[in-house]
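Me: Please take me through the architecture of this protein chain, from its domains to its pocket.

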Amino acid sequence: MRLLLVEDDPTLGPKLQTALNKAGYATDLSVDGIDGEAMGDIEPYDLIVLDLGLPGKPGLSILQNWRSRDNATPVIILTARDGWEDKVSGFNAGADDYLAKPFQIEELLVRINAVLRRSAGLKPGELAVEGLSLDEHDQSVRLPSGEKLSLTGTEFKLLRYLMLNPGRLLSKSTLTEHVYQFDSDKDSNVMEVYINRLRQKLGPDLIRTRRGQGYIFGREH
Ligand code: CA
């Protein structure tokens, strides 16, 4: 999952970015409203965490602009502690959830998780698809046999994206865009290597290849 964080606080921004990356979300940080708005339109993010008080352009206007351009990327807004007006205007502008500052990173992770599930049409809680269940805390997967396997950071990011998009044809470049950050070295051929590693761990028929087009997660029914 690829996230955009728009937060100008010089301490909180980098701290959240590090924590989100550690939690397996490839996260880009923007510290400015104008930049952040453009990035949110251009890059294929799965979710955006948007501070409301930003230099350049206020978060609320950014959100309104995204929604008026049919940018439906889920957005969690960060509001001031007692700013109930912010929450109301945020929801009216099209926010999916909010979090009042200060907050614990754990709480942000739980909310991100819930919003991503909801937008993928899945129930909240454990991510379980095709008999696999993903443990997002220790970044491991449980097989139908009950065996638990640990995953590397990239394997985890890739498998989570696949499990949140079952049955969809996903090209190598789509997978690359949703698994890596903006500034990372995006070689989509590397995806093949990770897909093969997942196949070795999960069994050969769970990730199907459509030659020249990409991959589909899930067994043929
Ligand atoms: Ca701010």
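The questions and answers below concern a predicted model.

Me: Into which domains is the protein chain divided, and what distance separates their centres?
Reply: The chain is divided into domain 1 (2–119) and domain 2 (127–217). Between them, 16 residues of domain 1 are in contact with 16 residues of domain 2. Taken over C-alpha atoms, the separation of the two centres is 25 Å.

Me: Which strands stand at the edges of the open sheet of five strands, and why is one side of each left without a neighbour?
Reply: The sheet has parallel pairing and the order S2-S1-S3-S4-S5. Each edge strand has a single partner strand, so one side of it is left without a neighbour in the sheet; these strands are S2 (26–30) and S5 (97–100).

Me: What is the average twist in that sheet from one strand to the next?
Reply: The order of the strands is S2-S1-S3-S4-S5. From each strand to the next, the twist averages 20°.

Me: Which residue in S3 is the bridge partner of Leu 3?
Reply: Strand S1 (residues 2–6) and strand S3 (residues 47–51) run parallel and are joined by four bridges. In S3, the partner of Leu 3 is Leu 47.

Me: What angle does the direction of H5 make with that of S5?
Reply: Helix H5 (105–119) packs on the sheet and touches S1, S3, strand S4 (75–79) and S5. The direction of H5 makes an angle with that of S5 of about 175°.

Me: Which residue in S12 stands opposite Leu 170?
Reply: An open sheet of three strands has antiparallel pairing and the order S10-S12-S11. Its edge strands, S10 (169–170) and S11 (207–210), each pair on one side only. Two bridges join S10 to strand S12 (residues 214–217), and opposite Leu 170 stands Tyr 215.

Me: At what angle to S12 does helix H6 run?
Reply: Helix H6 (residues 153–164) lies across S10, S11 and S12.

Me: What is the volume of the largest pocket, and which element gives the most to its lining?
Reply: The volume of the largest pocket is about 370 Å³. Of the 19 lining residues, the closest to the centre are Leu 109, Val 110, Asn 113, Glu 136 and His 137. Two elements give two or more residues to the lining, helix H5 (105–119) and strand S7 (132–135). With six residues, the element that gives the most is H5.

Me: How many charged residues are in the lining of the largest pocket?
Reply: Domain 1 and domain 2 each provide at least three residues of this lining. By class, the lining has eight nonpolar and four polar residues, and the number of charged residues is seven.

Methods: Residues are numbered from 1 along each chain as its sequence is written. This is a predicted model: local features need pLDDT of at least 70, side-chain atom pairs count only at pLDDT 80 or more; totals for chains, interfaces and linings use all residues. Side-chain values use heavy atoms; hydrogens and water are left out. On a 1 Å grid over the protein atoms alone, a cavity is a set of points where a 1.4 Å probe fits but cannot get out, and a pocket is an open set with protein on both sides within 12 Å along at least five of seven lines; lining residues have an atom within 4 Å of a point. Grid points are joined across faces, edges and corners, and a volume is the space filled by probe spheres set on the points. Ala, Val, Leu, Ile, Met, Phe, Trp, Tyr, Cys and Pro count as nonpolar, Asp, Glu, Lys and Arg as charged, and the others, Gly among them, as polar. Domain bounds come from an automatic or database domain assignment. Two strands pair if DSSP finds at least two bridges between them. Axes are lines fitted to C-alpha atoms, for helices over the stretch in contact, and angles run from 0 to 180 degrees between N-to-C directions. Contact means heavy atoms within 4.5 Å.
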